[in-house]
Amino acid sequence: MKIITDLQEMYKHSICLKKTHKISFIPTMGALHNGHLSLIEKAYYNNKNSKIIVSIFANPSQFTNFEDFAKYPDTIDSDIKKLKEFEISKNIQIDCVFIPEKNNDFYSNKKYPQLQKFNINKSEIILPQFFSESEGKTRKGHFEGVFQVLFRLFYIISPDYSVFGQKDFQQTLLVQYLQKQYFPHLEIIIADICREKSGLAMSSRNKRLSAENKNKAKILYQALQTKKIETIRTILESEKLIEKIHYIEIRNTTTFELMDKKVMNEVSVILLSVQFAGIHLIDNILI
Ligand code: AMP
């Protein structure tokens, strides 16, 4: 497993790989957990001969405030160790892990003049209205930031496949939107949500919860499993650690239209987003 930190080097390496292999790409923001590893495994079983590239980059442009960005767990050494252990235990080879340096170089046209064409300004990104709803409403500018970083990463790495988790449901729609607009040959693969034994959806943000609070956070999934908006709300309101319920919504899985709570069919998803003990947590369940 090579470690690449320079964007230009990553670009050259991908061009080289593409001559002989397909590329499977798994973007992450680090603080890796089994959910992330499940995406790598999914990539491998989707195409065993493809070269697997994992990126670790906490993209500043997708955070709504600096405080949240500054608090985002940074565990790069243990992330690399986890990836190496994963390779051995699963007998799956990761070709390289791309870890851009932690400064503004990633988007710098000055540092990477040849890669300027693979940059898009956040202010130029106009997304369909529904990306300003749900997570896009709670975290203004978040999806434009995700679009910006994936636009650059997809051009630089030029993957054939890229795997994303259903955990970030609205993000999967954003990725599919980006793919349709700019990357018609890229195949997007969506992986199931990995959960702790308690049912809590794995998340890098869980690292900021005490063991006791992490256990209490299982209430999110317990509530979701009732699949009834009013019941979910009642359950969540009973938990003192939930400081704010940002939203509990039923939406169409394709169009993301809000659905009447009485209309439950197989193409809908219940999404929730809360502030739990100072941490932003999201989860969802398909109906
Ligand atoms: P992140 O590092 O949080 O940006 O996540 C990187 C990728 O891992 C995204 O595609 C996420 O949807 C996915 N992911 C995060 N948590 C989970 C989980 N619990 N199960 C499956 N995939 C996940």
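Mentor: Here is the interface, from the overall layout down to single residues. This is a predicted model, in which local features need pLDDT of at least 70, side-chain atom pairs count only at pLDDT 80 or more, and totals for chains, interfaces and linings use all residues. Residues are numbered from 1 along each chain as its sequence is written, and side-chain values use heavy atoms, with hydrogens and water left out.

The chain splits into domain 1 (2-191) and domain 2 (204-281); such bounds come from an automatic or database domain assignment. Their C-alpha centres are 26 Å apart. In contact (heavy atoms within 4.5 Å) are 20 residues of domain 1 and 16 residues of domain 2.

Together the two domains bury about 1,500 Å², with 54% of it on carbon and sulfur atoms. Buried area is the accessible area (1.4 Å probe) that two parts lose on being put together, summed over both. On the domain 1 side, Ser134, Thr138 and Phe169 lose the most area, together 32% of what that side buries.

Two salt bridges cross the interface, each needing a side-chain nitrogen of Lys or Arg within 4 Å of a carboxyl oxygen of Asp or Glu. Separately, Arg251 forms a salt bridge with Glu133, with the closest N and O atoms 3.0 Å apart.

By class, the domain 1 side that touches domain 2 has eight nonpolar, six polar and six charged residues. Here Ala, Val, Leu, Ile, Met, Phe, Trp, Tyr, Cys and Pro count as nonpolar, Asp, Glu, Lys and Arg as charged, and the others, Gly among them, as polar.
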